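Here is a walk through one protein model, taken a piece at a time. Keep the viewer open and follow along.

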Amino acid sequence: MFRPNQVQEFKEAFTMIDQNRDGVIDIEDLKDMFSNLGRVPPDSELKEMLKESPGTLNFTNFLNLFGEKMSGTDPENTICDAFAMFDDEGKGWLPEEYVKDLLQNMGDNFTQDEIKQTWKEANIEKGRFDYKAFTGLIKGKQTEEEMAA
């Protein structure tokens, strides 16, 4: 479901939340984490968070929860088809400035910071936004280079 580097990132996040290092995230771990962030939500809110796990919130259930959340996006072909609607010539890429304009002026308008963040991940070469590669990135597909590594 996840690439090895993604699993490692989730493991690091899990370890940061599991304050007492017992391999399980419980209400006390959540309280500690939130207090470090300057906010302590009521126990009822924390219990609701923990209820999302099908059992004890160990690392396996943690991964499964994120897998469910991440798979809540549209199928890859639907996302690609949405980009392709703007690609009249079927090239597989769109001009970078055109995509920026779409993001800023259509639907839920992106801020400059949101566009910068997106561009950090997007495969843009010579002013071309490769929407097929970007869709694969969104859906968690490995690139050939990552598989060879």
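**From one loop outward**

S53 sits in the loop between α3 and α4 (59-70). The model is predicted, so every distance here belongs to a prediction. Is S53 buried or exposed? S53 is buried, because its relative accessible area is 8%, and the cut-off for buried is under 20%.

What does S53 touch, once residues up to four places away in sequence are set aside? The partners are N61 and L65. S53 and L65 are 12 residues apart along the chain, and their C-alpha atoms are separated by 6.8 Å. One of its polar atoms lies 2.8 Å from the backbone oxygen of G55.

Now move to another loop. V24 is found between α1 and α2. V24 is partly exposed, with a relative accessible area of 23%. Which residues does V24 touch, not counting those up to four places away in sequence? They are F14, D18, D29, T56 and L57. F14 is 10 residues from V24 along the chain, and the two C-alpha atoms are separated by 8.9 Å.

Leaving aside neighbours within four places in sequence, D18 is in contact with G23, V24, I25 and D29.

D18 is buried yet has no salt bridge. Which side chain of opposite charge is nearest to D18? It is R21, 5.6 Å away.

Other charged side chains do pair. Side chains of opposite charge can pair when their charged atoms come close. How many salt bridges does the structure hold? The structure holds seven.

Start in helix α2. The side chains of K31 and E28 meet in a salt bridge, at 3.6 Å from N to O. Where do the two sit relative to each other? K31 and E28 are three residues apart in helix α2, so about one helical turn separates them. K31 is partly exposed, with a relative accessible area of 22%. E28 is partly exposed too, at 42%.

E48 forms a salt bridge with K51, and the closest N and O atoms are 3.3 Å apart. E48 and K51 are three residues apart in the helix, so about one helical turn lies between them. E48 is partly exposed, with a relative accessible area of 46%. K51 is exposed, at 60%. Salt bridges that share partners also join E28, K31 and D43 into one network.

One more pair is R39 and E45. Their side chains meet in a salt bridge, 3.1 Å from N to O. R39 counts as partly exposed at 40% relative accessibility. E45 counts as partly exposed as well, at 30%.

Step back to the whole chain. What does the secondary structure come to? The protein has nine helices and three strands. From the N terminus on, the elements run α-α-α-α-α-β-α-α-β-β-α-α.

Next, the packing. The protein has 149 residues, and buried residues make up 28% of them. The protein exposes about 10200 Å². Carbon and sulfur atoms supply 52% of that area.

Finally, the confidence. The mean pLDDT of the protein is 85, and 89% of its residues reach 70 or more. Where is the pLDDT below 50? It is below 50 over residues 142-149. Beyond near neighbours in sequence, that stretch has six contacts in the model.

Terms used. Residues numbered from 1 in each chain as written. Predicted model: local features only at pLDDT ≥ 70, side-chain atom pairs only at ≥ 80, totals over all residues. Heavy atoms only, no water. Helix = DSSP H or I, 4+ residues; strand = E, 2+ residues; numbered from the N terminus. Buried < 20%, exposed > 50% of the residue type's maximum accessible area, 1.4 Å probe, protein only. Areas by Shrake-Rupley, 256 points an atom, 1.4 Å probe, with all protein chains shown as cover. Lys, Arg positive; Asp, Glu negative; His and termini not counted. Salt bridge = Lys/Arg side-chain N within 4 Å of Asp/Glu carboxyl O. Contact = heavy atoms within 4.5 Å. pLDDT = per-residue confidence, 0-100. Polar contact = N/O pair within 3.5 Å; in protein donor to acceptor, adjacent residues only side chain to side chain.
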